[in-house]
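I am opening a notebook on this structure. I will look up a few places and write down what I find.

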Amino acid sequence: MSCSATSTKTPSDLHADILEKINNHPCYSQDAHQHYARIHVAVAPACNIQCNYCNRKYDCSNESRPGVTSYKMTPEEAVKKVLHVGGLVPQLSVVGIAGPGDGLANPKQTFETFRLLKQYAPDVKLCLSTNGLKISDHIDEIAQYNIEHVTVTLNTVDESGEIGAKIYPWVFYNHKRYRGVEGAKLLLQKQIEGIKLLISRGILVKVNAVLIPGINDNELPNVAKKIKELGVFIFNIMPIISKPEFGTKFGLDGVKSATSKQVMNAQEKCGIDVKLMRHCRQCRADAVGLLGEDRSDEFSKNSFSEKSFEELEEHYNLNQRVRTHANIETWRRALKAANGKINQEQATKEELSSKGITKLVAITTKGDGLVNCHFGNAKEFLIYEAGDLGIKFIMHRKVEKSYCMGPDGCDGSYPIDEIKEVLKDCDLLLTQKIGECPEAELKSINLLSDESFADQPIEVSVLKGVRKHFFSSGLFK
Ligand code: CLF
Ligand code: SF4
C-alpha cells in the first residue's frame, strides 16, 4: 500500500487497498460504525508502563473508559467467544485486543489469540491497541498474523520528557524501570520508532491521545503535526474520564474529566493537520456489538467455554456471515445514494452555511444510518454541525441513564437533568418519537424536538431539519 495515505485525504483520494481495509472497520471508518460490530477479547492482563489516568484494577484507559472491569480469558476461550458471538452477531467484522492491560506486554497470549483467529475465523479483521513501548520488538509477529490495524496511544511528542513525566510515573523496559523524564523519553522514542515500522509494513495506524486539560491540551496540535508527518491514518482525541473513586493518580489529585467543549476545541485545533476519529465510544476491554451498544453482558463465559471448536465453527457459519455482509453493503450503497455528499468532514462554517452561522443537531439512532431510536431509549446522541449548505459530524455524547429506563431500571431518579446538561449547546433534536413532557423540558433549554424524520436516513434529515427550522422560514430567512 502507499503509506502516503495521510489524513487530509478524502475517501475518494484513498487507494483502493486502504478503502478495502477500512470499509468494514467501525473505528477506522465513521461510515462503517453504524453497520459493523467489533468484539474485544480481554486476553492481556499485564502492563509495562503506568499512566496516571489508569487504575490497574480496571481496563486499559487508553482504549477503555475507567471504572469497568472485564473477565480475563485464555486465547482458546477468546477464540471460542469470537465464534460464539460471530454466529449471533453477523455484523461482527473486527476482533480487537485492547486490554485490560497492554497487548504487547502479554505477547504470548496476544499472538496465540491472533494465530487461532486466523485459523477459525478467517473473515474477521484483526486489531491491536498498545501503548507503543514494545512494537519494534514484535513487528514481525504483527505483520505475520496480518494485523492490519494498530492503535498507538501517544499523549505527547515533547522530546524534553517534561509533559510525559507528568503522565507516566514509570516505564518498564528490558527488565529495568525508568522513572520520570527518563522513562517518558524512552517511551516516546519507542512509540515513534514503532509507528514508523508499522507504516513501513503497510499497517494502518490510528493514534489515540487522552486529552488531559492542564497537562497536554496545548500539546495535542504538536502530536497532530508529528503523526501527519509520520503517515498515521487517523487521530482519536479521547477525553480523560476522571473521578476520585476510580483510584487513579489524576482522579485522586482532583483532575477533572474533560468536557465536550474541551474536546471540540482540541478537535478544532488538530483537525487542520490530520483526519480525526470523532465517533469513539471509549469502549471496554471486552466490548461486544456496534460501537454505540454494549452487549458484553449477554455473553458470559458459560455460554461458550464448554463447547467444542467444531461445534462453534458450525455455529459461526462463515457462508451466512458472508451473505449478511453483502446485504449490509447493498444497504450502505442505498443509504449513500439517499444522503448524497452533504457530510463534509473538514468543512468550515462558511462552507456549511450561506449565512456563516451553523446549528448543532442531536440525533437518536439504533444504527443502520437511520433516525430510528425513541428519545426515551437513547443512551447516546450523535451530534452534527449543520448549515443550509452542508453538515459535519462532530461527536457522539453519552448519558449514564436513558430518559425512560423501563419498570426494571426505574430507580426514582430523573435523568432529564443529565440529558439537558449534555445537550445544552444543541439547537435541534431529531428523534423517532418523544413524549410531551421531555419535549417541554428540552424546550426550556431552547432545544427544539422534531419527530417528522423518524426512520429516515440521518445525514439528509439533519440538512433538511436545519433548513426547515432555521433557514427557510425562521431565523435566517
Ligand atoms: Fe477495538 Fe480499538 Fe480496534 Fe476499535 S475500539 S482495538 S480500534 S476494534 Fe474504537 Fe472502542 Fe474507540 Fe477503541 S470505539 S475505544 S477507537
Ligand atoms: Fe493502564 Fe493502558 Fe496505561 Fe497500561 S497502557 S497503564 S493498562 S492505561
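**Entry 1: contacts and glutamine 267.** I count two residues as in contact when heavy atoms lie within 4.5 Å. I am working on a predicted model. With that rule I looked up glutamine 267. Not counting residues up to four places away in sequence, glutamine 267 touches Ile237, Leu276, Arg278, Ile394 and Met395. Its place is in helix α9, which covers residues 260–270.

Is glutamine 267 buried or exposed? I found a relative accessibility of 5%. Buried means under 20%, so glutamine 267 counts as buried.

I also checked a distance. Alanine 287 is 20 residues from glutamine 267 in sequence. From C-alpha to C-alpha, the two are 25 Å apart in space.

**Entry 2: cavities.** How many cavities of 30 Å³ or more are there? My count by this rule is 7. I started with the largest cavity, whose volume is about 180 Å³. The largest cavity is lined by 21 residues, and the closest to its centre are Cys27, His40, Glu63, Lys206 and Cys283. I then asked which elements give two or more residues to this lining. They are β1 (37–40), β3 (92–97) and β4 (125–130). By class, I sorted the lining of the largest cavity into 11 nonpolar, 6 polar and 4 charged residues.

What takes up this space? Ligand 1 does: the space it takes is the largest cavity. I looked at its surroundings next. Ligand 1 is surrounded by 15 residues, with Cys27, His40, Glu63, Cys127 and Cys283 the closest. In the shell around ligand 1, I have 7 nonpolar, 5 polar and 3 charged residues.

**Entry 3: the second largest cavity.** The second largest cavity holds about 80 Å³ of space. Which residues line it? I listed Cys47, Ile49, Gln50, Cys51, Tyr53, Cys54, Arg56, Cys60, Ser61, Asn62, Pro100 and Gly101. This lining divides into 7 nonpolar, 4 polar and 1 charged.

Ligand 2 sits in this second largest cavity. I found 13 residues around ligand 2, the closest being Cys47, Cys51, Cys54, Cys60 and Asn62. The shell around ligand 2 has 7 nonpolar, 5 polar and 1 charged residues.

**Entry 4: threonine 153.** Two names from the second largest cavity's lining, Tyr53 and Asn62, came up again here. Leaving out residues up to four places away in sequence, threonine 153 touches Tyr53, Asn62, Thr130, Asn131, Gln191 and Asn208. I placed threonine 153 in strand β5, residues 149–153. Its relative accessibility is 1%, so threonine 153 counts as buried.

Entry 5: Most residues other than glycine have a negative phi. I therefore noted the exceptions listed here, citing the same rule. Asparagine 174 is not a glycine, yet its phi is positive, about 45°. I found asparagine 174 in the loop between β6 (170–173) and β7 (176–179).

Glutamine 282 also has a positive phi of about 45° and is not a glycine. Where does glutamine 282 lie? Its place is the loop between β10 (276–277) and β11 (288–289). With a relative accessible area of 11%, glutamine 282 is buried.

**Entry 6: isoleucine 163.** I went to helix α5 (residues 162–167), where isoleucine 163 lies. Isoleucine 163 has a relative accessible area of 17%, so it is buried. What does isoleucine 163 contact, leaving aside its neighbours within four places in sequence? I wrote down Thr156, Asp158, Ile215, Asn216 and Glu219.

One more distance went into the notebook. Isoleucine 163 and glycine 465 are 302 residues apart along the chain. Their C-alpha atoms are separated by 44 Å.

**Entry 7: serine 353.** My last stop was a loop, between α12 (349–352) and β12 (359–363), where serine 353 has its place. Is serine 353 buried or exposed? At 2% relative accessibility, I count serine 353 as buried. Setting aside neighbours within four places in sequence, serine 353 is in contact with Thr358, Gly387, Asp388, Leu389 and Phe471.

Conventions
Residues are numbered from 1 along each chain as its sequence is written. Chains are lettered from A and ligands numbered from 1 in the order in which they are written. This is a predicted model: local features need pLDDT of at least 70, side-chain atom pairs count only at pLDDT 80 or more; totals for chains, interfaces and linings use all residues. Side-chain values use heavy atoms; hydrogens and water are left out. Helices (H or I, at least four residues) and strands (E, at least two) are DSSP runs, numbered from the N terminus. Buried means under 20% relative accessible area, exposed over 50%, partly exposed in between (1.4 Å probe, protein chains only). On a 1 Å grid over the protein atoms alone, a cavity is a set of points where a 1.4 Å probe fits but cannot get out, and a pocket is an open set with protein on both sides within 12 Å along at least five of seven lines; lining residues have an atom within 4 Å of a point. Grid points are joined across faces, edges and corners, and a volume is the space filled by probe spheres set on the points. Ala, Val, Leu, Ile, Met, Phe, Trp, Tyr, Cys and Pro count as nonpolar, Asp, Glu, Lys and Arg as charged, and the others, Gly among them, as polar. A residue is near a molecule or strand if one of its heavy atoms lies within 4 Å of it. A molecule sits in a cavity or pocket if more than half of its atoms lie within 2 Å of its grid points.
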